[in-house]
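Please look over the structure below before reading on. The briefing that follows goes through it topic by topic.

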Amino acid sequence: MKRILTFLFIIPLYFANAQKTTKQLFDALPAIPVNICAEKLENMEKFELDIREIEITINALKSEEKKAVKAEESRCEFNLSCLTDEALVAKLTALGDELENYRIQLNDDSHQIIQEKTEVEAPLNLDYSDKMYELSQEYWEIKNSGGNVQTTKNKMISMLKIRCDTLSKLRLRQIRMTNEFFTKYWDTYVRMNAIQDEIAHISYSGYSCSIKDGGYLLDAVKSYIEVLRNAYEFHPINNKYDNILGNVSFE
């Protein structure tokens, strides 16, 4: 029932959001959290719901755009002059090169974000996971021998809090860097969309479809959403040891 009510709540919001530009949708996403480790569950749930609201709109717009482009390509005839006209061939080649150069620039500039996640966060996360596993084994050994497990449980709770404090700082930094990245390159994505439109208009006779406010911009927002929604990944409540810790409050 809760899922049905949530879906019914989001439907009218989709129609309202569909009237917004992609930049307005990007700006409408929840602010990057500040307080992670002591955040209340209800606030984390609202954070995810607010993200999901925008995500549904982005996915719908992306789907509509894909159908529109496919329909337009089917309606129009391919311009065979693209293969024989030297001026058109040169124009398309120049546009393709410009697009590729932008892609290379974006990949190069995003390397630092990816590197921090794979070379700094991932090893630390693995280390904490190993320590939690060792503590869980200690817990079951003590419990099975009839001993007092409270000290070990306290160690596990403390470890989850330390993990959150350490890794959430890194995660929030990655989210901020990603936000700044897409903001910095927003106009680049606009230009990439314009190039795609120009290529399509040259390649197909009578082509009238445009991805001006979609295309790479929608993909950018989708990518940011995937990063933003993981802000609370290391909150202490997100662990696989409920069978040991029970309903411990981390707020």
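## Briefing on the predicted model

Lysine 169 is exposed, since its relative accessible area is 55%, where exposed means over 50%, buried means under 20% and partly exposed means in between, computed with a 1.4 Å probe and with protein chains only. This is a predicted model, in which local features need pLDDT of at least 70 and side-chain atom pairs count only at pLDDT 80 or more, while totals for chains, interfaces and linings use all residues. Residues are numbered from 1 along each chain as its sequence is written, and side-chain values use heavy atoms, with hydrogens and water left out.

**Salt bridges**

- The structure holds 20 salt bridges, a salt bridge being a side-chain nitrogen of Lys or Arg within 4 Å of a carboxyl oxygen of Asp or Glu.
- Lysine 169 meets aspartate 165 in one of these salt bridges, at 3.7 Å from N to O, and aspartate 165 counts as partly exposed at 41% relative accessibility.
- Both lysine 169 and aspartate 165 lie in helix α7, four residues apart, which is about one turn of the helix; helices here are DSSP runs (H or I, at least four residues), as strands are (E, at least two), and they are numbered from the N terminus.
- In helix α6, lysine 131 and aspartate 127 are likewise placed four residues apart, about one turn of the helix, and they form a salt bridge whose closest N and O atoms are 3.2 Å apart.
- Lysine 131 is partly exposed at 33% relative accessibility, and aspartate 127 is partly exposed with a relative accessible area of 33%.
- A salt bridge also joins lysine 184 to aspartate 109, with the closest N and O atoms 3.1 Å apart; because lysine 184 lies in helix α7 and aspartate 109 in helix α5, the pair ties together parts that are 75 residues apart in sequence.
- Lysine 184 is exposed, with a relative accessible area of 56%, whereas aspartate 109 is partly exposed, with a relative accessible area of 29%.
- A network of salt bridges links Glu48, Arg52, Glu55, Glu226 and Arg229.

**Nonpolar cores**

- The largest nonpolar core has 39 residues, and those with the most contacts inside it are Leu29 and Tyr189; a nonpolar core is a set of buried Ala, Val, Leu, Ile, Met, Phe, Trp, Tyr and Cys residues joined through side-chain atoms within 4.5 Å.
- Two or more residues of this core come from each of α2, α3, α5, α7, α8 and α9, and α9 gives the most, with eight residues.
- Leaving aside residues up to four places away in sequence, leucine 29 touches Ile51, Ile54, Val221, Tyr224, Ile225 and Leu228, where contact means heavy atoms within 4.5 Å.
- Apart from this core lies another one, of 15 residues, among them Leu135, Val149, Leu160 and Ile244.

**Helix α9**

- Helix α9 covers residues 215-228, and its 14 residues reach 20 Å from the first C-alpha to the last, close to the 20 Å expected at 1.5 Å a residue; the expected span is 1.5 Å times one less than the number of residues in the helix.
- The buried residues of α9 are Gly215, Tyr216, Leu217, Leu218, Ala220, Val221, Tyr224, Ile225 and Leu228, and what covers them includes α2 (22-28), α3 (41-75), α5 (86-109), α7 (150-184) and α8 (186-203).
- Valine 227 is found in helix α9 as well, but valine 227 counts as partly exposed at 25% relative accessibility.
- Valine 227 touches Ile175 and Thr178, if residues up to four places away in sequence are not counted.
- The C-alpha atoms of valine 227 and isoleucine 202 are separated by 36 Å, and the two residues are 25 residues apart along the chain.

**A buried glutamate**

- Glutamate 116 lies in helix α6, which covers residues 111-144, and glutamate 116 is buried, with a relative accessible area of 11%.
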